[in-house]
Amino acid sequence: MKEPVYIGSNPSARPDLQHLVHEVALGDQEAFAAVYDAVAGSVLGVARAVLRDQAQSEEVAQEVLVEVWRTAPRYRPERGTAMNWILTLAHRRAVDRVRSVEAAAARDTRAALLDHQPAYDEVTEQVETRLEQEQVRRCLRTLTELQRQSVTLAYYGGLTYREVAEALALPLGTVKTRLRDGLIRLRDCLGVTA
C-alpha cells in the first residue's frame, strides 16, 4: 500500500493548535511561539484580503497575535477550531481597521469642507453690493446734469478736478463747486453721516 502524498506539510506534523492555545492561556511562551509560527501567515493573509494594504495588514496581524496571547483563556473549543477562532479575530480586527480608516477620512472631509466655507456669505454680499449700487444710481439721478457729469468723471472716470474742468470746458472753480454740491447731495440721499 502506498503512503499518501501531502502537498505542503504533513497534517500530522502540524501542531495541535487547540492544545497550544490552551497552553498559551496558561502563559506558556513557547506554546505562543508555536502558535505564532503556525498561524502568522494565515492571519496576515486574512488581513491583507480585507485591507489590501501591506503595512496596515502587518499591523493588524501583529495586533491579532497580541490579542491571541491576551485572550487565549477566552477560547472555547466547543465553538470551533483554534484556527477558526484566530482567523475570526483577524477578520474582525481588519474590518474594524477599514471602518476606522473610513471614519477618519469622513471626518477629514467634513473638516476640510468646514475650513473651505467662506468667512462671509457670498450671496448676501453680492445682494448688498447690488442694492448699494442701485441706491447710488438712484441718488445720482437726483443731481443736476452738471453735478452728475462732474461726479461721474471724477469718481468713476478717475479724473482730477483740472481734467474734469477741461473735459466739460468749464472753469476749475465751477467744477469744484459742482463736485462739492453734488457730493453733499449724494451723501444726504444715501443717508451717510459725515
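Colleague: Starting with A169: buried or exposed?
Modeller: A169 is exposed, with a relative accessible area of 68%. Exposed means over 50%, buried under 20% and partly exposed in between, with a 1.4 Å probe and protein chains only.

Colleague: What kind of model is this?
Modeller: This is a predicted model, in which local features need pLDDT of at least 70, side-chain atom pairs count only at pLDDT 80 or more, and totals for chains, interfaces and linings use all residues. Residues are numbered from 1 along each chain as its sequence is written, and side-chain values use heavy atoms, with hydrogens and water left out.

Colleague: Back to A169. Where is it?
Modeller: A169 sits in the loop between helix 7 and helix 8. Its phi is near 55°, a positive value in a residue other than glycine.

Colleague: What about R52, what is its phi?
Modeller: R52 is not a glycine, yet has a positive phi of about 60°. R52 belongs to the loop between helix 2 (29-51) and helix 3 (54-71). R52 is exposed, at 66% relative accessible area.

Colleague: How many helices and strands are there?
Modeller: The protein has eight helices and zero strands. Both are DSSP runs numbered from the N terminus: H or I of at least four residues for helices, E of at least two for strands. From the N terminus on, the order of elements reads α-α-α-α-α-α-α-α.

Colleague: At what angle do helix 7 and helix 8 pack?
Modeller: Helix 7 (residues 161-168) and helix 8 (residues 172-190) pack at about 110°, and their axes are 9 Å apart. The axes are lines fitted to C-alpha atoms over the stretch in contact, and angles run from 0 to 180 degrees between N-to-C directions. Helix 7 and helix 8 are therefore roughly perpendicular to each other (65 to 115 degrees; under 35 is roughly parallel, over 145 roughly antiparallel, the rest oblique).

Colleague: Which residues make the contact?
Modeller: On helix 7, Y161, R162, V164 and A165; on helix 8, L172, V175, K176 and L179. Contact means heavy atoms within 4.5 Å. These residues divide into six nonpolar, no polar and two charged (Ala, Val, Leu, Ile, Met, Phe, Trp, Tyr, Cys and Pro are nonpolar; Asp, Glu, Lys and Arg charged; the others, Gly among them, polar).

Colleague: Changing topic, how many aromatic pairs are there?
Modeller: The count comes to three, where rings of Phe, Tyr and Trp (its six-membered ring) pair if their centres lie within 6.5 Å. F32 and W69 form an edge-to-face pair, 5.3 Å centre to centre with 70° between the planes. Planes over 60 degrees apart count as edge-to-face, under 30 as stacked and the rest as tilted.

Colleague: Where do F32 and W69 sit in the chain?
Modeller: F32 is in helix 2 and W69 in helix 3, 37 residues apart, and the pair links distant parts of the chain. F32 is buried at 18% relative accessible area, while W69 is partly exposed at 31%. Ring pairs join F32, Y36 and W69 into a cluster.

Colleague: And V50, what is it in contact with?
Modeller: Leaving aside neighbours within four places in sequence, V50 is in contact with H91, A94, V95 and V98. V50 and V98 are 48 residues apart in sequence and 7.9 Å apart in space, C-alpha to C-alpha. V50 is found in helix 2 and is partly exposed, at 26%.

Colleague: What share of the protein is buried?
Modeller: Buried residues make up 22% of its 194 residues.
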